[in-house]
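Please work through the exercises below with the sequence and the model at hand.

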Amino acid sequence: MKLYRTAKGNFIEQGGKYYQVPEANWDALVTHANLGEYLGSVVSAGKTTDFSGAEILAPVASQEVWAAGVTYYRSRSARMEESKSAGGGDFYDRVYSADRPELFFKGMASRVAAPGTAVRIRSDAKWNVPEPELTLLINSHGQIIGYTIGNDMSSRDIEGENPLYLPQAKVYDRSAALGPCVLIGTEPLPKTTPIKLEISRAGKVEFTGATTLAELKRDPKQLVEYLFRDNSFPQGALLMTGTGIVPPDSFTLAAGDKVRITIDPIGTLENEVIQGK
Ligand code: DO4
Ligand code: MG
């Protein structure tokens with residue numbers, strides 16, 4: 001069952017049919033005592049609707065968006081390389097194998113781009129990449145209630161210059177995209193689940209990459225446990241689980257590029273890239 005947040009309210013898609021959710025408030029859905037059961041009852045009522053033309057919004061309202069880092073070996077190695085001359089490489093190796101994961105605050109809804117809208121490159125950054133990440137939707141009790149797709153846009157030159165610049169490399173207007181929907185479910189996704197990234201420029205594919213959840217070193221539940229340690233999230237939270245796809249060091253995003261991230265059971269998140277205002 002997929003849940004869409006749209007400008008016309010919330011919709012469920014199941015078996016190719018769409019159902020409008022009576023509860024129009026996204027925060028109320030995320031904090032619902034039993035979301036799966038509630039949405040199931042909407043489907044069982046059998047009142048289908050026309051979904052075409054609904055403007056799809058990012059699946060976030062009052063939730064904080066957080067991100068985990070260096071959860072895939074590929075991310076560890078890329079970060080060690082980019083921060084070598086700044087003497088920061090060792091930190092990435094250490095966090096990859098430490099018990100405590102790297103978790104950082106990515107922003108609120110105001111920083112997040114909806115599907116089909118623009119993500120941004122910082123105006124003062126020269127080396128930029130999208131980061132395709134399985135993203136967890138978590139309720140106020142710290143339970144994973146669904147899965148969406150996240151793009152953790154990153155400025156590699158800024159984070160590589162000094163690891164203390166990480167918040168500037170990661171958090172700025174339109175530095176994240178989420179969507180297009182939430183796959184509702186509390187069970188972990190299979191380890192074989194593929195995550196795919198395609199970047200095209202002027203109609204030509206510039207980069208493709210793929211990984212699977214088998215490469216994710218951390219258990220999503222363990223990431224959530226750390227996030228909720230000494231933090232309360234009365235409206236729930238979203239947590240990006242890290243990237244396992246990093247384009248070669250010679251690659252940087254450019255304005256006009258199209259980023260497509262596909263996680264099969266969820267869908268495809270597509271955004272165009274802009275730089276500056
Ligand atoms: O430590 C820097 C950020 C890492 C990150 O965002 C990732 O691995 O996805
Ligand atoms: Mg990331």
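The model is predicted: local features need pLDDT of at least 70, side-chain atom pairs count only at pLDDT 80 or more, and totals for chains, interfaces and linings use all residues. Residues are numbered from 1 along each chain as its sequence is written, and side-chain values use heavy atoms, without hydrogens and water.

**Exercise 1.** Identify the residues that coordinate the magnesium ion (ligand 2).

*Solution.* Step 1: list the donors, which are N, O and S atoms within 2.8 Å of the metal (3.2 Å for Na, K and Ca); water is not among the atoms, so sites may look incomplete. Step 2: Glu 131 (OE), Glu 133 (OE) and Asp 152 (OD) coordinate the ion at 2.0 to 2.1 Å. Step 3: along the chain, these donors follow the spacing E-x1-E-x18-D.

**Exercise 2.** Determine whether Glu 133 is buried or exposed.

*Solution.* Step 1: buried means under 20% relative accessible area, exposed over 50%, and partly exposed in between (1.4 Å probe, protein chains only). Step 2: the relative accessible area of Glu 133 is 0%, so Glu 133 is buried. Step 3: Glu 131, at 3%, also counts as buried.

**Exercise 3.** Describe how the buried residues of helix H2 (residues 35-44) are arranged.

*Solution.* Step 1: helices (H or I, at least four residues) and strands (E, at least two) are DSSP runs, numbered from the N terminus. Step 2: the buried residues of H2 are Leu 35, Tyr 38, Leu 39, Val 42 and Val 43. Step 3: seen down the helix axis, they fall within an arc of 145 degrees (taken from the directions from the axis to the C-beta atoms), so they line one face of H2. Step 4: the face turned away carries the exposed residues Glu 37 and Ser 44.

Terms used:
Chains are lettered from A and ligands numbered from 1 in the order in which they are written.
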